Amino acid sequence: MSSADLTMGGHSSGVTSEPPFSIPTKKLAMWLFIIADTMTFAACLVAYGFLRNGTPNWPRPFHSITNVALMTFILLTSSLTMLIGLRSARAGDKSAAFGWTMITALLGIIFAFLHIREWLGLIDEGMTMFKNPWGTGLFGASFFSVTGLHLTHVTGGVIALIVVGLRYKGGRYNADDIEILGLYWHFVDLVWMFVVPLVYLLNLAH
Amino acid sequence: MTKVEEHTGIGKDLAVYVCLLALAGLQFLIAYQNIDAAQMFWRMLTVACVEAGLAALFFMHLWSEKRIFRWFVGLFTISVLLGMQYGWTDSFRMLVGAAPFSK
């Protein structure tokens, strides 16, 4: 045994004894991304709250909660289907895991469709990024920014679900990859829980 | 997802899902209460935090990770979120002084 081997051995016993978090690298990377993305959304929501609090004639344009309630239900259900897909993947049931992942992607597409339909409805009523018929023009900018950022995440998630699902089916990815994607998808769901009350429910017309 | 969780079945996931639906429903109920916006905001934010906690712990399996990792994620996130709250007093100043861009 060379001195180099001895040195390596000495290092490995100390440095690689047991990682403090004991989770796979890809999963840790996803968690770090989620923490960073939390800051992005939090900054947007705090900025939104700042403007809403500091602006006297803030509009309250939403008359119905039906659409946003349906969107919330769909997104929450997609989290459940994602979990079922992960359980199927862990159990080695490849076709079920692929099927549930695609159902999750489909629910994401329906959510995005409802979201865009709502946007178009507001645009038809005269709302743009810089003006609207109800009050301060800042409302449009903040509304489209916050919901647009979330919609971008949903769209990215849907694409990722389809790609990872197909690669899992083809054998290139395994259950760990489904779990890591699931973390992202649940995070998108989690953010929506803050967007709904702050952006929609607090702006209901009474 | 840990080995233990793999064998607990879908019952827990369904229970958490139903809780999240109920909490989301509660937020909608709060929206129709006859209270001022500040009270409504705090109630909704509290419910949203409970929802987020449930989703992170059980849907994202944070509960089954090592304790040190839970502390890492929790403390790191909460400390930065708290750090972002420094601007609120200025938003009240804007309300009183009516900043030009708010008109």
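Reading chain B from the N terminus, the elements go α-α-α-α-α. That makes a tally of 5 helices and 0 strands for chain B. Keep in mind that this is a predicted model.

**Chain B overall**
- Chain B has 103 residues, and 19% of them count as buried.

**The α2/α3 pair in chain B**
- Helix α2 of chain B covers residues 11–31 and helix α3 of chain B covers residues 37–59; their axes come within 10 Å and cross at roughly 170°.
- Angles over 145 degrees count as roughly antiparallel, so α2(B) is roughly antiparallel to α3(B).
- As for handedness, α2(B) and α3(B) make a left-handed crossing.
- On the α2(B) side, the contact uses B:Lys12, B:Val16, B:Cys19, B:Leu20, B:Leu23, B:Ala24, B:Leu26, B:Gln27 and B:Ile30.
- Facing them from α3(B) are B:Met40, B:Arg43, B:Met44, B:Val47, B:Val50, B:Glu51, B:Leu54, B:Ala55, B:Phe58 and B:Phe59.
- Sorted by class, the residues in this α2(B)–α3(B) contact come out as 15 nonpolar, 1 polar and 3 charged.

**Where chain A touches chain B**
- Chain A puts 41 residues into the contact, and chain B puts in 40 residues.
- On chain A's side, the elements giving two or more residues are α2 (25–54), α3 (66–90) and α6 (175–200).
- That side of chain A splits into 28 nonpolar, 9 polar and 4 charged residues.

**The α3/α6 pair in chain A**
- Two of the chain A helices that touch chain B, α3 and α6, also pair up with each other: the axes of α3(A) and α6(A) come within 10 Å and cross at roughly 165°.
- With the cut-off for roughly antiparallel at over 145 degrees, α3(A) and α6(A) are therefore roughly antiparallel to each other.
- The crossing of α3(A) and α6(A) is left-handed.
- From α3(A), the contact draws on A:Val68, A:Thr72, A:Leu75, A:Leu76, A:Ser79, A:Met82, A:Gly85, A:Leu86, A:Ala89 and A:Arg90.
- From α6(A), the partners are A:Ala175, A:Ile178, A:Glu179, A:Gly182, A:Trp185, A:His186, A:Asp189, A:Trp192, A:Val196 and A:Tyr200.
- By class, the α3(A)–α6(A) contact has 12 nonpolar, 5 polar and 3 charged residues.

Definitions and conventions
Residues numbered from 1 in each chain as written. Chains lettered and ligands numbered in written order. Predicted model: local features only at pLDDT ≥ 70, side-chain atom pairs only at ≥ 80, totals over all residues. Axes fitted to C-alpha atoms, helices over the stretch in contact; angles between N-to-C directions. Helix = DSSP H or I, 4+ residues; strand = E, 2+ residues; numbered from the N terminus. Parallel < 35°, antiparallel > 145°, perpendicular 65-115°, else oblique. Left-handed = near helix turned anticlockwise from the far one by under 90°. Contact = placed C-beta atoms within 7 Å. Nonpolar A, V, L, I, M, F, W, Y, C, P; charged D, E, K, R; others polar. Buried ≥ 20, exposed ≤ 12 C-beta atoms within 10 Å, placed from the backbone.
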